[in-house]
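Subject: Structure handover

Hello,

Here is the structure for you to look over. My notes follow below it.

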Amino acid sequence: MSEGATSPALEPGPPPLPDNDDLHREIFLRLPPLPSSLPRASLVCKRWRRLLSDPAFLRRFRAHHRAPPLLGFFADEDGDIEFVPTLRRPDRIPRERFSLPRRDGGDFLSFLGCRHGLALLIDRARLEAVVWNPVTGSRRRVPFPPGFDQGRNVYRGAVLSSSGDGHVHGDCRLIPFKLVLVHHADLRGAIVSACLYESESGTWGNVSSMAIPHFSRLHQPGVLVGNQVYWMLLGTSDILEFDLSAQRLSVIQKPQDAHVKSKSGLQALRTEDNKLGLATISELGIQLWGRETNLDGVGRWVPLKTVELDKLRSISPSMRIQPSTILGFDEDNNAFFICTNIGLYMIQLESLQFTRLFDGDMFTAYYPYTSFYTAGFLGVHRFVGLVFLLILELVVEMIELKC
């Protein structure tokens, strides 16, 4: 061996990976945003549990993944609401965990919709709106604005986060929110009124009212697009708009060329470029429309794409779409739901990918519920309970595999 040469046995190896919290956090950020991901990882050691339950990390985790996962639906069966989970074990949320709050007399509250991890209910007996976080169980009651108890009352509404990112912050029990309450009454004509409440100020804004045809009724749930909330007007197939900034109601007519076989074969939605869209189902297929506005502020509908029925039938030759049942829209994942004779399907707008969610068509409306169901939401006692359920799920899976 020449002088100055280094023995191979003494050559330095690769430097060890840094053993620090920052590296662990970067790895944990890439875990899938499913209910079991963080609790499972936190079982490894106390150090991981400390990092994963840190509120600052949980905010980064949600910001990294952006769109929260679809945990399930609040499904409406002729006014009876129950939570229907869609994820598989071990991420499946037990339906009992999201049972609707009850009023003092024991009856369930009426369900109006959900968004940004929050749900909106109303207590008709006390004339109050109730904003509820199903994950934390926290809720807040808001008395109706003046005049919303007149005539034959039909209530619709929408709730949304006041934060700019549009997500529920897991380290807060109930985030700042806005709610829109819509009151439809027959008082010598069909009058619809809407009013905006902001939790940060604790006040209602100005009431906006307008006349609509007698035979019209508002279809839930509403759809949030930008700074506007939209509801379908069944009977005319037009769209009711409430502008959150101007606090003003208006009506947008449906496309003249829309071939709609059924009065409820329509769904307002948000397009890829964050504009108002519309899906219509007919014997020709599913037609998607987009709303454009010219320099003069005049809006018009333009066709975007068509999904032919043959493409749907290629999934199952026996599939038949029921034209009267577009059952909802998932704003976070940009997908809408259709009812067929073989089950409920989710259609993703950009990819036109079809996902079968579950069998049956016993429900009349579906309210998709999305949220980051992470350990930091739960507190110590609920976290321990979730860990116990995860262990139980693993045991059940092992038994099923052996069988």
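Residues 21-59 are 67% helix and 0% strand, and their end C-alpha atoms lie 16 Å apart. Helices (H or I, at least four residues) and strands (E, at least two) are DSSP runs, numbered from the N terminus. The UniProt annotation "domain: F-box", from an unreviewed entry, covers residues 21-59. UniProt positions are in the numbering used here, feature names are shortened, and annotations may be inferred rather than shown by experiment.

Some ground rules. This is a predicted model: local features need pLDDT of at least 70, side-chain atom pairs count only at pLDDT 80 or more, and totals for chains, interfaces and linings use all residues. Residues are numbered from 1 along each chain as its sequence is written, and side-chain values use heavy atoms, with hydrogens and water left out.

**Helix α4**

Helix α4 spans residues 55-65. Its buried residues are Phe-57, Leu-58, Phe-61, Arg-62 and His-65 (buried: under 20% relative accessible area; exposed: over 50%; partly exposed in between; 1.4 Å probe, protein chains only). Seen down the axis, they fall within an arc of 135°, so they line one face of α4. The arc is taken over directions from the helix axis to the C-beta atoms. Their cover includes α1 (21-28), α2 (37-42) and α3 (46-52). Arg-66 follows α4 and has a positive phi, near 65°.

**The sheet and the cores**

Four strands make an open antiparallel sheet, in the order β16-β17-β18-β19. Strands pair if DSSP finds at least two bridges between them. β16 (266-270) and β19 (299-308) are the edges, each pairing on one side only. Six bridges join β17 (276-282) to β18 (285-293). Ile-281 has Ile-286 in β18 as its bridge partner.

Ile-286 also matters for the count in the largest nonpolar core: of its 29 residues, Ile-239, Ile-286 and Phe-336 touch the most other members. A nonpolar core is a set of buried Ala, Val, Leu, Ile, Met, Phe, Trp, Tyr and Cys residues joined through side-chain atoms within 4.5 Å. β17 gives the most to this core, with four residues. A second, separate core of 20 residues includes Leu-71, Val-130, Tyr-369 and Tyr-373.

**Ala-335**

Ala-335 lies in β21 (335-340). Ala-335 is buried, at 0% relative accessible area. Beyond its neighbours within four places in sequence, Ala-335 contacts Phe-329, Asp-330, Met-346, Ile-347 and Gln-348 (contact: heavy atoms within 4.5 Å).

Best wishes
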